[in-house]
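Please read it with the structure open.

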Amino acid sequence: MAQEPPLLEVTDLAFTHLGQTQPTIQNVNLTLHPGELVVLAGATGSGKSTVLNCLTGIAPEHIGGQLSGQVYSRGQEITSWSIRDRSQRMGILLQNVETQIFTDQVGEELAFGLENWNLPPGEIQALTQSALTEFDLVEQQNWTIRQLSAGQKQRLLLACLLTRQPDMLLLDEPFAFLDAAGVQLLLGLLLKRVQQGQAVLLIEHRLELLKESCDRIYKIESGSVSPLHKSALQIPVQVPPEAPSSTSEAEKTIILQTQNLSWGGYPPFPDLQVSAGEIVLLKGENGCGKTTLLKLLSGLLKPATGQLEIQGREATRQNVVQRSRAIGFVLQNPNHQLFAESVEAELTQPGVAPERAQKLLKQLNLSHCAEKHPHALSQGQKRRLALGAVLAKQPQICLLDEIMVGQDTTSLELMLSTLKNFTDNSGTLIFTSHDPNVAAVLTPHVVTIGTFS
Amino acid sequence: MPTPRQVRRSPLSRINPFLKIGLSFGLIGLSLFLRHIAPMLVLLGGVLLLMTQLKLRPLILGYILLMVCIFTGSTALLLQNWPEAIFSTLRLLAIVLPTPVLALTTPPADLIRSLQTVRLPSFLTLSLMLIWRFFPLMQQELQRIWEANQLRGIDLKWRPGKWFSGLMVPLVFQMVVYADEVTVGLQTRGYSPTEPRSNSKPLHWRWADTLFCGVAIAWLTLICYLEWGR
């Protein structure tokens, strides 16, 4: 095996974005051998995605900029190859899976990719069926793509990529939206492929998931890549869990209460009774209805049955705008929630004191980019800003839908300490997250969704 | 786990895409030549009947109705002729509506397969592919941005002054990002307009196609008869 040329070899790679004078990444040297699972770790904005873009050909073809250095696959230089040509050897999973899905049905999506590679129709049918079984998607075979949760979409796309058995897989945060069972399923599948001789290079923040399974780790810092020993991994989030509040149960004010809420094809949601200052984690497997319940609470969806009380008042018939006075909701995709012309303006909305906005900017480490346009921020910064914009209005209840995804340790710490501040001041937090670190820090009351009571 | 939710395709989505494309061209072409109100009403009535196959939200229908009223009113003011203004509105709807009916009832995979069959120029196939994927994505984005505004306590329905900053800016940003990302996404999935592509589900002529074809011919014949035969 040692004699074989690496499946992927990168030498002295550097990339400078268009309009920049300093390279975003430089002196990048890495290898990927058959049967290896290698992790590329680094803080938000350190250049991980740029490295991946250079390896897949997205940079400079689509991003624009200056690339130097060489990329080899099985000893053959592929630096000038197109994305499609490289895809023959690499299964590429991007951060936003929605842009890699092109049909409207699960079964069709699997067939689409295989048709693109001109496989014989008989083989396509067989491969599609085997992928559906392997990725536990048989039940969803005839579902529309819109009916899938974010995690299910990611699993579907991985099934599409792996069906063709590429030499290697380059994955950008594949565990981001997966529940614990989904993580185990995917990790098991990846390790099986690795044992079969395929190689996997992945970007992932939740390193605790991979510490035992990965062969090597590269760390990227300020655009430079260096090997990292597994024992040097910084895994735990450093915000210490606080002692449980001394307030007795009787003293707590019930701020939100639900009864027999149901919607669509989901089993009836469990009844909630949430007090001021309480932290509730909605837990359940992908597609069980966590986001749907948050939407029902915020008013974005109307329940088919059941009742909702907010601050002791019947709120089932209130619309989303009326509920927004008490409830703030941070969505999965921050791009939908940023409207102002600068980071600072995003927080200084009508009714928000400038001091409060400044305090939140500082807490979320966004003061240095206060003048920037919100859409010029990195994804992690955008998520923090979207959280800040919601908290600035001082809602009594804050709903968070998987907003911790893709946050490096530092960024996550900032978010969690801001949220701790919010709940310490009697704010109520109801959130979804698959990251056990988050639950470990916030010590929430866990409500399981998706089971018939 | 939620109860399994099967795809419920409308009968129209199972019809051969070529038939629908042909019918759309036929209807648009005819609507340009019609001069009488009766055939125009028959044409538009049929299109509206087809539109019942689409699950349009009442809010969208409301906006379409509002736009139609504004167009009719302003045309009437310009022409100083209400019957002419109403006829122009009907003609506009007859030109505009068949395409979305076709687009929203043709699964993307079926469209690609039909384009493959007729060997359209590659640049055209790619463009149509991207457009087919792009518009549903943008529709989804528009809804999410709208909801995000509501979550901030801003109901854009009653705040047209906020449409630019609250709706257009994020939407344009998403459009620019998506346009590029979707092109990259297509390539990562192995799509190339110049490379050969197999077809795992070739289109076959079915009884439903024959029935649809017969009804469509009868409908077009009736329109022609009402216009020129009497």
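**Notes on the predicted model**

1. Chain A contains an open sheet of 4 strands in the order β12-β11-β14-β15, with antiparallel pairing. Strands here are DSSP runs of E of at least two residues, helices are runs of H or I of at least four, and both are numbered from the N terminus; two strands pair if DSSP finds at least two bridges between them. Because β12 (273-275) and β15 (313-314) of chain A stand at the edges with a single partner strand each, one side of each has no neighbour in the sheet.

2. Strand β14 (residues 305-310) of chain A runs antiparallel to β15(A), and 2 bridges join them. In one of the pairs, A:Glu309 has A:Glu314 of β15(A) as its bridge partner. Helix α8 (residues 290-298) of chain A packs on this sheet and touches β11 (254-262) and β14 of chain A, contact meaning heavy atoms within 4.5 Å. The direction of α8 makes about 120° with that of β11(A); axes are lines fitted to C-alpha atoms, for helices over the stretch in contact, and angles run from 0 to 180 degrees between N-to-C directions.

3. The model is predicted: local features need pLDDT of at least 70 and side-chain atom pairs count only at pLDDT 80 or more, whereas totals for chains, interfaces and linings use all residues. Residues are numbered from 1 along each chain as its sequence is written, chains are lettered from A and ligands numbered from 1 in the order in which they are written, and side-chain values use heavy atoms, with hydrogens and water left out.

4. Another open sheet of 4 strands in chain A has the order β2-β1-β4-β5, also with antiparallel pairing. Its edge strands are β2 (25-32) and β5 (76-77) of chain A, each of which pairs on one side only. Strands β1 (residues 8-17) and β4 (residues 65-73) of chain A are antiparallel and joined by 7 bridges; A:His17 stands opposite A:Gly65 in β4(A). Helix α1 (residues 48-56) of chain A packs on this sheet, touching β1, β2 and β4 of chain A, and its direction makes about 115° with that of β1(A).

5. Two backbone points in chain A may be checked. The peptide bond from A:Ala59 to A:Pro60 is cis, with omega near 5°, and A:Pro60 lies in helix α2 of chain A. A:Gln165, a residue other than glycine, has a positive phi near 50°; A:Gln165 is in the loop between α6 and β7 (168-172) of chain A.

6. Chain B has 9 helices and 0 strands. Its C-alpha atoms fill a box of roughly 60 × 50 × 40 Å along the principal axes.

7. At the interface, 70 residues of chain A are in contact with 56 residues of chain B. The buried area is about 5800 Å², with 52% from carbon and sulfur atoms; buried area is the accessible area (1.4 Å probe) that two parts lose on being put together, summed over both.

8. The rule finds 5 salt bridges between chain A and chain B, a salt bridge being a side-chain nitrogen of Lys or Arg within 4 Å of a carboxyl oxygen of Asp or Glu. A:Glu346 forms a salt bridge with B:Arg152, where the closest N and O atoms are 2.7 Å apart. On the side of chain A that touches chain B, α4(A) gives the largest share, 8 residues.
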